[in-house]
There are 2 protein chains.
Amino acid sequence: MNIYDVSKKANVSIATVSRVLNGNPNVSEKTRTRVLSVMEELGYTPNVFARGLGLGTIQTIGIMCSDSSDPYLAHAIYYLERELRANGYDSILCCTGNSLETKRQYFDLLRSKKVDAIILAGSKFIEMKARDNAYILDASKDIPIMLVNGYLEGDNIYCTLCDDRMATHLATSQLIASGCRNILYLYTSCSYSGNSKLNGYRDALSSHGLPVRDNYIHQCEKDILAARDLLLRLHKSGLIFDAILTSDDTLGVGAVKYAHITGRAIPDELSIVGYNNSSFAVCTDPELTSIDSKVEALCTSTINTLMGVFNGGNVPSRTTIAADLIKRATTKF
Amino acid sequence: MNIYDVSKKANVSIATVSRVLNGNPNVSEKTRTRVLSVMEELGYTPNVFARGLGLGTIQTIGIMCSDSSDPYLAHAIYYLERELRANGYDSILCCTGNSLETKRQYFDLLRSKKVDAIILAGSKFIEMKARDNAYILDASKDIPIMLVNGYLEGDNIYCTLCDDRMATHLATSQLIASGCRNILYLYTSCSYSGNSKLNGYRDALSSHGLPVRDNYIHQCEKDILAARDLLLRLHKSGLIFDAILTSDDTLGVGAVKYAHITGRAIPDELSIVGYNNSSFAVCTDPELTSIDSKVEALCTSTINTLMGVFNGGNVPSRTTIAADLIKRATTKF
């Protein structure tokens with residue numbers, strides 16, 4: 001006798017039974033009554049001690065993130081857990097660091113804890129070499145794997161992505177339209193998301209007939225002062241630039257600090273665009289124009305898709321969400 | 001046959017056996033050889049599938065935090081997991097939100113997952129009413145409970161605290177020594193840590209013969225723009241102040257923005273002190289003087305204490321770590 005029998009007999013999804021058990025108000029009175037009367041009829045008692053013993057409850061979802069101290073991922077975790085809780089699910093999180101070995105160990109840990117799905121938060125879990133992703137594909141035979149802003153193709157793998165390429169394409173185009181011709185691009189990571197952002201920048205330059213120059217594209221540690229110092233070095237080397245597009249707000253903040261030190265006027269002489277629209281974007285004076293990468297919508301959509309999977313619905317394996325360009329005071333548009 | 005038998009026979013701690021199993025380099029070659037030969041002798045095979053089945057392995061530590069999107073807690077999680085991993089332990093994290101009900105549910109979830117200790121990260125887990133903490137005291141009969149910058153007295157409960165009172169006392173005294181007489185105090189929370197900070201500010205004023213005035217003490221949402229707007233309102237109301245001490249860097253950033261809007265010169269007319277020495281402290285121009293609350297040291301100490309508990313050592317139930325005052329450009333000292 002378990003939650004599946006209740007779900008079948010009451011003709012509702014397992015998620016609905018779970019919601020009733022957890023006292024979630026998101027269930028109609030009629031459904032609640034039906035579920036409760038089926039439980040009584042079948043003599044079903046929800047047993048919290050069954051949790052963790054692998055007795056087929058569907059209460060717990062595993063979340064993996066590479067670095068909880070990254071503000072983007074920290075918010076993703078927050079929203080994922082909030083949405084899971086609202087749907088009557090518990091979650092357990094593993095912060096894995098960036099080594100593939102440790103990621104695999106944590107993945108195995110979650111599987112041994114009998115989680116009912118694994119969510120990979122952020123695009124750092126998908127490796128370049130196909131064989132390094134085999135453990136994920138292998139797990140997807142047993143449980144759904146959800147990717148938040150990462151991409152991997154496979155049965156029972158569901159990706160929710162921000163359209164990062166479109167976002168940087170739009171920002172670059174707006175910079176060009178506002179008169180900028182020498183646009184620096186600073187980025188932190190070569191993940192799927194990182195490459196999409198870079199491609200958006202390149203494509204926008206090309207489609208406006210501007211050259212794509214390697215010496216205008218620089219990788220930088222995700223650190224305010226590292227970005228400031230990199231820009232001071234580029235400035236000193238004589239490189240001419242009138243705009244800085246970044247893949248993260250911390251780099252945008254570093255760019256504002258660079259401009260303050262060198263006395264360049266923002267936005268008249270120098271435009272700056274951040275990414276993620278985090279709290280950092282409102283720290284500086286002037287405040288940063290930034291791309292809102294919609295982390296909350298991504299997480300809500302991920303959990304909606306997961307609930308669809310549990311309910312046996314026909315859910316899309318790939319969902320893409322458009323970013324927003326939030327205009328503040330570091331650009332002329 | 002389990003890890004305890006190996007530890008006993010090899011005459012090393014369980015943590016050391018765990019380190020050998022996990023390939024942690026922090027074990028001498030001599031010890032590693034002894035442990036491996038005992039394993040062979042006893043026919044012990046580490047069984048990862050035993051994890052989660054409650055078979056008495058000591059591999060997994062539960063961590064609870066109230067809000068992973070808070071930068072202080074996000075860093076605490078990062079350091080706790082790093083230190084646990086270095087000692088050969090896995091960890092699973094629950095982000096609980098602030099409701100007592102949900103905190104208790106997650107606590108039960110971790111216990112049902114057979115974790116070997118629970119770490120409560122941040123001071124928001126200890127309630128004012130003793131009976132609301134009974135579930136923690138109850139659990140401490142079975143497993144050690146570790147508090148990171150929170151305080152609760154009980155057997156098998158271990159607290160590692162930052163000396164927040166001393167830190168704000170020092171900052172307030174330095175502000176006074178540099179000529180400030182009307183020091184505003186902005187804070188976000190009435191937790192144990194929050195109250196310690198407030199007491200440090202009050203005590204420093206009193207010990208310098210200055211009045212403690214309620215209209216100079218204000219609670220504020222942990223939000224840059226909320227702090228800025230609160231200060232603009234206080235300014236408009238005619239309140240005279242020459243320094244702002246805050247319980248969080250985000251409020252300090254809001255104070256810098258307030259000064260920019262009103263044209264008050266930092267630090268000549270207005271001194272500002274942040275708290276936590278986070279990335280926010282270096283976002284602004286001028287950069288924020290801030291109290292380094294030593295989150296990394298707190299987390300390292302917490303894990304050292306936990307390893308001591310597992311090894312049966314005589315460990316302190318309360319460890320206090322001094323904060324540092326990081327002097328930057330928003331103060332005259």
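Colleague: On what basis are the values computed?

Modeller: Residues are numbered from 1 along each chain as its sequence is written, chains are lettered from A and ligands numbered from 1 in the order in which they are written, and side-chain values use heavy atoms, with hydrogens and water left out. In this predicted model local features need pLDDT of at least 70 and side-chain atom pairs count only at pLDDT 80 or more, while totals for chains, interfaces and linings use all residues.

Colleague: How many residues of chain B are in contact with chain A, and what area do the two chains bury between them?

Modeller: Contact means heavy atoms within 4.5 Å, and 39 residues of chain A meet 40 residues of chain B on this rule. Buried area is the accessible area (1.4 Å probe) that two parts lose on being put together, summed over both. Of the area buried here, 54% lies on carbon and sulfur atoms, and the total is about 3,700 Å².

Colleague: Which residues in chain B lose the most area to chain A?

Modeller: Three residues together account for 16% of what the chain B side buries. They are B:Arg85, B:Lys113 and B:Cys283.

Colleague: How many salt bridges does the rule find across the interface of chain B and chain A?

Modeller: A salt bridge is a side-chain nitrogen of Lys or Arg within 4 Å of a carboxyl oxygen of Asp or Glu. A:Lys257 forms one with B:Glu287, where the closest N and O atoms are 2.9 Å apart. Across the interface of chain B and chain A, the number of salt bridges found is 5.
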